[in-house]
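User: I would like to go through the terms used for this model and see what each one rests on. Please set the values against the criteria.

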Amino acid sequence: MRIAISEALPYTVHRFCNFHISKNLDDKLSLFFAVRGTLKEELRAVIRNSFTPEEFENSWHDLLERHNALGEPHTDGIYDIRAQWVPAYFKERFFPFTSSTGRSESTNSLFKHYVKRKDSIATFFKEYIIIQEKKQSDLDRLREKSEFKESVNWGFNPLEREPMKIYTDPIYGKFAEELRKGTAYNVEVVEEKRLYRVIRVANYRNAEFPRLIYVVTVSSDDDVYRCSCSKMARDGIHCCHVMRVASHIGLTELPVSFINPRWTTAAGIEVARLTERRSNTDITSYDLFAEGVAELKKAICKDAMERLQTKEKVTRKRKKVDDPVQQDTDNMRHEDREDNNHGHNNEQIHHEEKNSSDEEKNEDEHRPYKDPPQSGKPGFNLGERPMNFHEKCAAKLKKKAAPRLCGLCRLPGHKRPKCPDRDKVGMSIPGMDSQKEEGNP
């Protein structure tokens with residue numbers, strides 16, 4: 001994948017999943033971490049809490065040296081590829097609200113829910129249209145929520161008014177959350193209107209970084225704010241540290257640099273319009289593809305029918321060779337047809353054909369047919385069809401409705417003890433009288 005992405009997508013950033021790297025560390029070095037106390041927790045803190053590559057590299061070496069863990073092959077291996085998975089190397093890269101492959105995994109799960117591995121290409125395209133409609137429906141729902149439903153203010157900060165009007169509802173929720181988190185910090189002025197130190201004074205849940213001190217700088221034109229955590233470059237919205245400095249300065253209106261057009265409702269409308277146009281193009285392409293598949297299917301069916309007819313003709317010829325009666329009949333027909341071709345008129349030809357058809361019917365009636373193939377395994381024969389439940393019930397009722405017959409005369413209406421022919425049958429048995437006189441039962 002690394003080679004293919006570098007060749008096909010040279011201007012993209014190929015990043016490894018942070019979650020899978022951490023999971024592999026836990027799976028392969030469980031015993032290694034177990035005998036070294038808090039090494040695993042401290043290693044995760046170094047990974048999350050480093051803002052620059054130099055800071056990460058120095059902290060990594062110091063930590064492993066302190067725990068006598070230098071030289072382990074697996075830790076050395078993941079350290080060699082650190083530029084492709086450590087967050088410090090992607091601080092200035094736009095990866096909005098993600099550091100793992102969770103989003104792509106959810107996309108894979110979506111396709112697996114609709115398309116099976118053995119489905120045809122035509123089925124895949126049909127299901128893909130359904131997936132597109134579902135995603136378009138989700139987009140319309142989110143757009144309706146952003147355009148027609150008013151968001152609720154978190155507080156009374158003037159900085160909330162403008163974002164509530166221009167941002168989509170999910171992004172405004174994240175913006176308001178950063179404003180709320182900003183209340184956990186105090187601000188120290190290092191250089192008036194240029195440099196500030198933001199210090200955490202209260203803990204809160206789901207803190208993005210465990211460190212306590214952050215640095216916020218302001219440009220000379222008072223328009224661009226930058227924090228040491230680089231959240232604006234990564235996610236497209238400012239962090240709680242910048243929000244706290246803005247509140248400390250007393251801003252009542254957001255500078256232009258605070259607004260990312262990507263997250264505005266206007267951008268959502270434009271994306272929806274482009275998506276709809278692209279969807280129509282995809283449907284047209286699908287229709288052309290479906291027509292080609294249908295024509296190909298017809299050609300395949302036609303070829304299969306021709307093959308089947310050829311096979312039936314060959315089978316018929318073989319049967320004629322195996323059946324001597326049929327072979328003699330065919331020879332006679334062939335001779336009759338030759339005589340007819342030497343001078344008989346059309347009426348005689350018609351008469352002969354009619355006679356030959358009658359002969360065929362008679363031969364079919366007297367021709368010995370073979371028994372159907374028998375199965376070598378227990379159960380019903382291959383030539384029989386098993387009855388379903390309703391047929392079995394009907395057969396039982398029919399069997400019960402049949403009249404009971406006498407065991408001697410095989411006539412209905414009475415049983416064997418009261419059969420009128422019982423005496424006649426007893427008298428006709430030779431030796432019966434002699435056995436009675438001797439007292440034999």
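This is a predicted model: local features need pLDDT of at least 70, side-chain atom pairs count only at pLDDT 80 or more; totals for chains, interfaces and linings use all residues.

User: Why are β1 and β2 called paired strands?

Analyst: Pairing requires at least two bridges between two strands. β1 and β2 (residues 195–200) have six bridges in the antiparallel sense, so they count as paired.

User: What makes β1 and β4 edge strands?

Analyst: The sheet is open, with four strands in the order β1-β2-β3-β4 and antiparallel pairing. β1 (185–191) and β4 (225–227) each pair on one side only. Neighbouring strands of the sheet are turned by 25° against each other on average, direction ignored.

User: Which helix lies across the sheet strands, and at what angle to β1?

Analyst: Helix α12 (residues 240–249) lies across β1, β2, β3 (213–218) and β4, at about 70° to β1.

User: How do you know that S22 belongs to the lining of the second largest cavity?

Analyst: A lining residue has an atom within 4 Å of a cavity point. S22 is listed in that lining, together with L25, D26, F33, K40, L43, R44 and I47, so S22 meets the cut-off. The volume of this cavity is about 50 Å³, and α4 (39–49) gives the most to its lining, with four residues.

User: What lines the largest cavity?

Analyst: There are 13 lining residues, with E178, Y204, E208, C240 and H241 nearest the centre. By class, seven are nonpolar, two polar and four charged. The space inside is about 90 Å³.

Terms used
Residues are numbered from 1 along each chain as its sequence is written. Side-chain values use heavy atoms; hydrogens and water are left out. Helices (H or I, at least four residues) and strands (E, at least two) are DSSP runs, numbered from the N terminus. Axes are lines fitted to C-alpha atoms, for helices over the stretch in contact, and angles run from 0 to 180 degrees between N-to-C directions. Contact means heavy atoms within 4.5 Å. On a 1 Å grid over the protein atoms alone, a cavity is a set of points where a 1.4 Å probe fits but cannot get out, and a pocket is an open set with protein on both sides within 12 Å along at least five of seven lines; lining residues have an atom within 4 Å of a point. Grid points are joined across faces, edges and corners, and a volume is the space filled by probe spheres set on the points. Ala, Val, Leu, Ile, Met, Phe, Trp, Tyr, Cys and Pro count as nonpolar, Asp, Glu, Lys and Arg as charged, and the others, Gly among them, as polar.
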